[in-house]
Amino acid sequence: MARKSRLHIPRPSARPGDKPDFSYLNLAPAGSVDKPALDARTRDIEHLSSGLVRVLDEKHQAVGPWNPGLDASQLQIALRWMLLNRIFDKRMWQIQRQGRISFYMEALGEEAVSVAQAMALRPGDMCFPSYRNQALFMYRGLKLVDMMCQCLSNTRDMCKGRQLPVMYHGKAANIFSISGNLATQYPHAVGWAMASAIKGEDHIAASWVGDGSTAEADFHHALTFAAVYQAPVILNIVNNQWAISTFQGFAGGERRSFAARGLGLGIPGIRVDGNDLLAIYAVTVWAAERARRGGGPTLIELVTYRAGAHSTSDDPSKYRPKDEYKAFPLGDPIERLKQHLISIGHWSESKHEQLEAELKAEVLAAWKEAQQYGTMTEGPFLDPASMFDDIYATTPAHLESQRRYMQEIEGS
Amino acid sequence: MAQMNMVEAIRSALDVMLDKDPNVIILGEDVGYFGGVFRCTDGLQRKFGEHRVIDAPIAEGGIIGAAIGMGINGLRPVAEIQFADYIYPGFDQIVSELARIRYRSSGDFFSPVTIRTPCGGGIRGGQTHSQSPEAIFAHVTGIRSVMPSNPYDAKGLLISAIECDDPVVFFEPKRIYNGPFDGDPNKPAVSWASHPKGEVPQGYYTVPLDRAEIVVAGDELTIVTYGTLVHVAKAAAEEVGVRAEIIDVRSLSPLDVSTLANSVNKTGRCLIAHEATRFAGYGAELAARIQKECFYNLEAPISRIAGWDTPYPHAFEWQYFPGKKRVANGIRKIMGEG
C-alpha cells in the first residue's frame, strides 16, 4: 500500500481499441446458488448478494434449485415477448434515424429483465419502470400502436405530446409514468407499497433503476424507507455495465455488488443472471412471495449488458470496444432461451424464423396505423392549446388567459 | 367555536380530516409518538394509530417521495417537513415529480400530497431555521403554495389543501403559531385569544384556496402581504395613521389577482411586504401583475419591503426581519412623506 493518500479514478477494463475484458464479473455456474426459504433471515442469505443465480447452463439446460419449472408453452410466450421487444426497438431505432421521431431508447440485450419480471408479478402489482422496460408495457397489454403514437407525440399520444419518446405510462396496466429524471420512481414504489400495506391489500410494487442511478439520493431514500417499514416492494437494479459512457465502477460497483447495497439496512439482495429468463423469473417470484407474506423488500441486481447505445443521442464506439457485447460472458437472453427451447424439443430455427416474420409484420402494421394519427410533419396534429391542460385538477385563470393569448398569437 | 392558536387550529384540521377520510395519513419526522416539534400532531397517533400518523426517517426527499407513491395508490398523505429550511433534499421530488405527474400522464395519475412546513424567522432560529422559501415553490407550476396568517384561515385552508387533488405546499409562519406578532420583539407576547381569527369552529369547514382576503379596508394605500407580515403591516399602518387597505394574499399560487388589482385601482398606491429576501422574490411577481392591471391608476411606484438579500443571521435577527419600522418607512415614502 502506498504511504500517501491518492485519488482513485475508476477505469473500465476496456476502452475503444482494447480487447473486451469481463474478468471483473464474478460468475458462478448455473445451479450453484441455493434457494432459501421465503422466511429466511437476511443475515443468513447474505451470500445471495455476491453469488449469481443462474438456471440455464452452458448446454442450455435448466438446472438447480431455482429452476422455476415453467412449461414449454410459457417459455415460448416469453420468447415471443422478448423477440417482439427487440423487433419493435429495431424498427423504432430506424424510424428515429429516418428523422421521423426525435429520440429513442432500445433495450437490446436486456429484454429478459422486463419479460421475466412481468411474468412473475401479478396484474394488480404496481410497476414503477425506468426507460428500458418497454416489454413491461407490452406484456401488460399496451398496444404497439399506442406506444408508437407516444413516440410520435401525435393525436393518439397517451402523453398528449408532453413527454420525450419512450416515457410511456399505463394506468389500466398498473404501470406508472416514466419520469425522465433518474431513480425518482424508486421512493414512489416504496410509498405505493407502504400504502398497499396500510390498506391491508396484498398487492406489491416493483421498480427498476440502472446501475448508474443507484448513486442518486432517491435510491438510498427508497432503500431506507423500504427497510424501515418493511414495505412489500421489489427494488431492481439493472446492472447493464454502462451508464452512457461511465462504466458501473463510477456508481461504486468496483468492490462490491449492487445487490449488497441493501445489506446494511437488512434488505436481502439477490444477484441474478440478467440474461437468463428462468433465473430472473424464479428470483422475482421468490421476492414477490416473500413481500406478500410480510417479509418486506428485496433488492435484485440483474447482471446484463447494454448491447446498444444509451439512446439515439450517443455513439458507444466512442467510449467502449465496438464488439464488447459479443464477449459478454452471459450471452444474449433471446438466444439462450431459444437454444433451451430447441434443446428440450419445443422450438426450432424454422419456427423462430416464422415467429420473427410474424412479429415484424405486426410491428410494421402498427407503424402504418400509428402514422394515421399524425406524424411530426403530417397531420392530424395535437391542438397546442392542450398544453395548458392537466397542470392542475382544474385550469386556473392565469393559465386560461395564457392559453387564450397563445391561441391569438398562433392564430388557432 | 373555540379559542385556538395556530398550532391547535392546524391540529384540529388534521384531526377532522383523519376522522373524515380513512385515506388521509400523516408522515414526517417526530410527528407520531412525540406529536411534532411544534406540537401540531400532538395526540393524533394515539387517536388514529401508528398506520395513520407515521414517524419517518430523517430524509426529506424520502418523505416526499414516499408520500407521492402513497398518493398514487389512493391515499391523501400530509407530509410534514419539520422546517421549511429542510425541504431542499425533497426539492427534486416536488418539482420534477409531484408537480408534473398529472401533466406528464395526461391526468391518468396524480398524487394529492399536502406538504406542511413551518417557515419564517423571529424565533432565534438562525439561518437554517428561519427561511421563507415560498417564492421558489410559487415559481413551480403544477403545485399550489399557501401561507395562512391566523388560526381560522390555517384550519380552513389546510382542510381545503388536504381535500384538493392538486399538490399543495402549505407554509406555516411559525412566529405566529402562538399569537399575532406586530414586529416588535420587545413587547410582551400577545395570544390569539385577543384576535377575532383565534375563534375557530371545532368541526369541518373550508377556506377557499384561491382567494386573497381584505384584512383591513382602506382607501389611501393598499398593502399586499401574507404570513407574519400581515400583522406587522397592520401595526405599521396604524402607527403612520394611514387608511391602508391590507390584503392577505393567503394563496400565493395560483394567485387571486383581481382582489389585489381592484384594491390598488381604488387606492392608487401599493406597498408589498414579505419576510423573504427581495431579489427575484415573490413580491416581484406581485409588483409586475399589479403594475400591469393598475398602471393608469397608480399614483406612485409600487414598492417592496422585504428581508435583506442576506441569509437570516442568528445574532441580527431583528435587524434582518422587516419589522414595523421598515414597513412604516415604506408607507411614508409611498405616501410622499418619507
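1. Is A:A183 buried or exposed? A:A183 is buried: 25 other C-beta atoms lie within 10 Å. The cut-off for a buried residue is 20 or more. This is a predicted model, and the points below should be read with that in mind.

2. The backbone at A:A183 deserves a look. Its phi is near 70°, a positive value in a residue other than glycine. A:A183 lies in the loop between α4 (144–152) and α5 (185–198) of chain A. Most residues other than glycine have a negative phi.

3. A:H60 also has a positive phi, near 70°, and is not a glycine. A:H60 sits in the segment before α1 (72–97) of chain A. The setting of A:H60 is partly exposed, with 17 other C-beta atoms within 10 Å.

4. In chain A, the bond from A:G379 to A:P380 is cis, with omega near 5°. A:P380 belongs to the loop between α10 (349–372) and α11 (397–410) of chain A. In chain B, B:S253 and B:P254 are joined by a cis peptide bond with omega of about -10°. B:P254 is placed in the loop between β12 (251–253) and α9 (257–267) of chain B. Most peptide bonds are trans.

5. Next, the domains of chain A. The domain assignment gives domain 1 of chain A as 42–310 + 323–381, and domain 2 as 382–412. The C-alpha centres of domain 1 and domain 2 of chain A are 37 Å apart.

6. Chain B is also assigned a domain 1 (2–200) and a domain 2 (213–334). Their centres, taken over C-alpha atoms, are separated by 24 Å. Contacts between them involve 29 residues of domain 1 of chain B and 27 residues of domain 2 of chain B. On the domain 1 side, α6 (134–138), β6 (144–146) and α7 (151–163) of chain B each supply at least two of the touching residues. By class, that side has 11 nonpolar, 11 polar and 7 charged residues.

7. Which element gives the largest share of the side of chain A that touches chain B? In the contact between the chains, 34 residues of chain A meet 36 residues of chain B. On the chain A side, α5 and α6 (217–229) each supply at least two residues. The largest share, 10 residues, comes from α5(A). The residues of this side divide into 17 nonpolar, 12 polar and 5 charged.

8. The largest nonpolar core holds 221 residues. The members that touch the most others are A:V190, A:V233, A:V283 and B:I331. Leaving out residues up to four places away in sequence, A:V233 touches A:A189, A:V190, A:A193, A:I204, A:A205, A:A206, A:A226, A:A291 and A:P297.

9. Chain B has an open sheet of 7 strands with mixed pairing, in the order β3-β2-β4-β5-β7-β6-β12. Strands β3 (53–55) and β12 of chain B stand at the edges. Each has a single partner strand, so one side of each is left without a neighbour in the sheet. On average, neighbouring strands of this sheet are turned by 20° against each other, direction ignored.

10. How many residues of strand β4 (residues 76–80) of chain B are buried? The count is 5 of the 5, so β4(B) is largely enclosed by the rest of the structure. Both faces of β4(B) are covered. B:R76, B:V78 and B:E80 are buried on one side, and B:P77 and B:A79 are buried on the other. Note that the buried residues of β4(B) include B:R76 and B:E80.

11. The pairing around β4(B) runs as follows. Strand β2 (residues 24–28) of chain B is parallel to β4(B) and joined to it by 5 bridges. One bridge sets B:L27 against B:A79. With strand β5 (residues 114–119) of chain B, β4(B) pairs in the parallel sense over 3 bridges. Here B:V78 stands opposite B:T114, and B:A79 has B:I115 as its bridge partner. Helix α3 (residues 60–72) of chain B packs on the sheet and touches β2, β4 and β5 of chain B. The direction of α3(B) makes about 170° with that of β4(B).

Key:
Residues numbered from 1 in each chain as written. Chains lettered and ligands numbered in written order. Predicted model: local features only at pLDDT ≥ 70, side-chain atom pairs only at ≥ 80, totals over all residues. Domains from an automatic or database assignment. Helix = DSSP H or I, 4+ residues; strand = E, 2+ residues; numbered from the N terminus. Buried ≥ 20, exposed ≤ 12 C-beta atoms within 10 Å, placed from the backbone. Contact = placed C-beta atoms within 7 Å. Nonpolar A, V, L, I, M, F, W, Y, C, P; charged D, E, K, R; others polar. Pairing = 2+ DSSP bridges. Core = buried A, V, L, I, M, F, W, Y, C linked by C-beta atoms within 7 Å. Axes fitted to C-alpha atoms, helices over the stretch in contact; angles between N-to-C directions.
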